[in-house]
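User: I have a structure open and would like to go through some of its features. Could we begin with contacts between charged side chains?
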Amino acid sequence: MSNVTVVGAQWGDEGKGKIVDWLSERADVVVRFQGGHNAGHTLVVNNTTYKLSLLPSGVVRGGKMSIVGNGVVVDPWALIAEIERIRAQGVDVSPASLKVSETACLILPFHSELDALREDALGTAGIGTTRRGIGPAYEDKVGRRALRLGDLADPEAMAARLDRLLMHHDALRAGYHHAPVDRAALEQALAEVAPKVLPYAAPVWDLLDEARARGRRILFEGAQGAMLDIDHGTYPYVTSSNTIAGQGAVGAGVGPDALGYVLGIVKAYTTRVGAGPFPTELNDAIGRRLGERGHEFGTVTGRPRRCGWFDAVAVRQAIKVGGVKGIALTKLDVLDGLDELRICVGYELDGQRIQRLPATMRGQAAVTPIYETVEGWHETTRGARSWAQLPATAIKYVRRVEELIDAPVALLSTSPERDDTILVHDPFRD
């Protein structure tokens, strides 16, 4: 049996939560390996809706080990709040079922403050972050001045780290005419949260090595999507971490051979939250229809998502750089009732046809999509659980998508309900 790594292959919000939840029934361990509580997953299990930001999607399934890897930046207060919220919904979350890497870097209150100061200063030129401090926390990690989860167990060492950390941030805050960090209040808050979060701290790389040795099936869960990757996305309108599958090994503490089958999650159309290039965006009635039928609002922020036609060029590029072996195509039912559909099969830039998303901001903003028009369908696909229940034109659309992105459909999702899923190929049996 293979392990599986699940990643988004668009601009995030592709429906990873449902797919990871569906796959987690077959897994023994579920691991989050990058991002922070800016990412959101919505799960619908037995008519109960769970909204997760930091916790792995497998946490709502009993009998699974859930792990937050070292590649994740962790807001300890947000972590405890999410645990308490999920517990209130009847989910058992304890240090026995949830482990957080002791080397995970922490998001502190001044990180989100700096995030907001920067966005406000940029005005309409802002990147469109969630203002939750993710980027500033990753900056401190790379700058080798971050506070890590394990540091909370050693107040003396923590104080020394804070000296360097606050020297840096107070200088930044002064540049924005903002008061220095209240160190006494911060230390008090950390002292109060430490005993709540430290029971979850663990050397997760060691736990994963043991799980592999015992033949346990591991599901690696990414956040956001490939087009938001810090290296391979629409820079600078990206997140602050690597979102492609390769980060699964680094962010969990395993070798790349552990990642197994890489499953890319792809919507049957395209959405994006926040600023940045979006070649197939629809600012018309069809775009609004997709948003309304697809309930396109951010899980974390509540912001409406921008909607557009399926972009096969961007998805194919994400598949190539991410090592995606097959895709889970989600929200096919949102396209029900349209007379015709369009698929972006190329871009035009400066009078030339190209088959990739340019690397430069100018190029990304200047490309014009080249569309192929295909027949739509008026029958419903919602709730279909077999190919036989799909209209012939819907199957034709799926097959054309497969051809254009150079990857097969392994799973097909036809509603938010976990069982409304057509299994074409089981990734765990790769």
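User: Which residue forms a salt bridge with Asp257?
Analyst: In this predicted model, Asp257 forms a salt bridge with Arg212, and the closest N and O atoms are 3.2 Å apart. Asp257 belongs to the loop between H8 and strand S9 (261–267), while Arg212 belongs to helix H7 (residues 204–213), so the pair ties together parts that are 45 residues apart in sequence.

User: Is Asp257 buried or exposed?
Analyst: Asp257 is exposed, because its relative accessible area is 61% and the cut-off for exposed is over 50%.

User: How many salt bridges does the structure hold?
Analyst: The structure holds 26 salt bridges. One of them is between the side chains of Glu296 and Lys267, at 2.9 Å from N to O. Glu296 is in the loop between helix H9 (285–293) and strand S11 (306–308), and Lys267 is in strand S9, so this pair ties together parts that are 29 residues apart in sequence.

User: And are Glu296 and Lys267 buried or exposed?
Analyst: Glu296 is buried, with a relative accessible area of 2%. Lys267 also counts as buried, at 0% relative accessibility. The reason is that buried means under 20% relative accessible area.

User: Which residues are linked with Lys267 and Glu296 in a network of salt bridges?
Analyst: The network links Lys267 and Glu296 with Asp13, Arg305 and Lys331.

User: What about Asp333, which residue does its side chain meet in a salt bridge?
Analyst: The side chain of Asp333 meets that of Arg382, with a distance of 3.0 Å from N to O. This pair links distant parts of the chain, 49 residues apart: Asp333 is in the loop between strand S13 (326–330) and S14, and Arg382 is in the loop between strand S16 (368–375) and H12. Asp333 counts as buried, at 6% relative accessibility.

User: New topic: the backbone. Where is the cis peptide bond with an omega of about 10°?
Analyst: That cis peptide bond joins Tyr235 and Pro236. Pro236 is found in the loop between strand S8 (218–221) and helix H8 (246–252).

User: Which phi value does Asp350 have?
Analyst: Asp350 has a positive phi of about 55°, although this residue is not a glycine. Its place is in the loop between strand S14 (340–349) and strand S15 (352–354). Asp350 counts as exposed, with 62% relative accessibility.

User: And what is the phi of Asp406?
Analyst: The phi of Asp406 is positive, about 60°, and Asp406 is not a glycine either. Asp406 is in the loop between helix H12 (392–405) and strand S17 (409–413). At 48% relative accessibility, Asp406 counts as partly exposed.

User: Let us finish with strands. How do S3 and S4 run?
Analyst: Strand S3 (residues 41–45) and strand S4 (residues 48–52) run antiparallel, joined by five bridges. Val44 stands opposite Thr49 in S4.

User: How many residues are between the strands in that hairpin?
Analyst: The hairpin of S3 and S4 has two residues between the strands, and Asn46 takes a positive phi near 50° there.

How values were computed:
Residues are numbered from 1 along each chain as its sequence is written. This is a predicted model: local features need pLDDT of at least 70, side-chain atom pairs count only at pLDDT 80 or more; totals for chains, interfaces and linings use all residues. Side-chain values use heavy atoms; hydrogens and water are left out. Helices (H or I, at least four residues) and strands (E, at least two) are DSSP runs, numbered from the N terminus. Buried means under 20% relative accessible area, exposed over 50%, partly exposed in between (1.4 Å probe, protein chains only). A salt bridge is a side-chain nitrogen of Lys or Arg within 4 Å of a carboxyl oxygen of Asp or Glu. Two strands pair if DSSP finds at least two bridges between them.
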